[in-house]
Amino acid sequence: MDVSHPQFDARILRDAFGGFATGVTIVTCRTPEGGRTGLTANSFTSVSLDPPLLLFCPANNASALPALRATGRFAINVLDTDSQAVADRFAQKGIDRFADADWDEWDGLPVLQGAKAAFACVLHAEHDGGDHRIIVGRVTRLDHAPSRESLLYLHGRYRRVHGGG
């Protein structure tokens, strides 16, 4: 038996991974021609405070990945509970993902108005992650709205925190 490459049923593995609650983000950037592009990502985490680094993991075939690589700049928009429709829109293909939401521009990067947090980044490193890439960004600008409630994703569904303070 080859323990270096164990075989798992893909659905069971996905369900097991889905048992870990994550936040929901929209990663946005500009194409070299100046167009806007982006994707939904729940694989996001902080990496370092000094220097300020974060990471996210898009699929190898993510439509926004070539633009991100070409420009070396992107924004991470951490969604709040009022932004579920934006997350759904960015998960679709063949539509204007930026419609039906208000966007600001941070030095040319599209940033969602009303995000729980937003980070403008420059590409710091990129690593192989199997069928995904591990994209590490160095934070160059941020905004944070601590009073907003984060949108969560757990067991294949959006969730809300029901805390009592």
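How much space lies in the second largest pocket? I shall answer that after a word on the model and its terms.

This is a predicted model, in which local features need pLDDT of at least 70 and side-chain atom pairs count only at pLDDT 80 or more, while totals for chains, interfaces and linings use all residues. Residues are numbered from 1 along each chain as its sequence is written, and side-chain values use heavy atoms, with hydrogens and water left out.

The second largest pocket holds about 190 Å³ of space. A pocket here is an open set of points on a 1 Å grid over the protein atoms alone, where a 1.4 Å probe fits, with protein on both sides within 12 Å along at least five of seven lines; lining residues have an atom within 4 Å of a point. The volume is the space filled by probe spheres set on the points, which are joined across faces, edges and corners.

Among the residues that line this second pocket are F44, L54, F119 and L142. Strand β4 gives the most to this lining, with 4 residues; strands (E, at least two residues) and helices (H or I, at least four) are DSSP runs numbered from the N terminus. By class, the lining has 9 nonpolar, 2 polar and no charged residues.

I turn now to the largest pocket. About 1,600 Å³ of space lies in it. Its lining comprises 44 residues, with R14, N42, S43, C57 and H132 the closest to the centre. The top contributor to the lining is α1, with 6 residues.

Definitions and conventions
Ala, Val, Leu, Ile, Met, Phe, Trp, Tyr, Cys and Pro count as nonpolar, Asp, Glu, Lys and Arg as charged, and the others, Gly among them, as polar.
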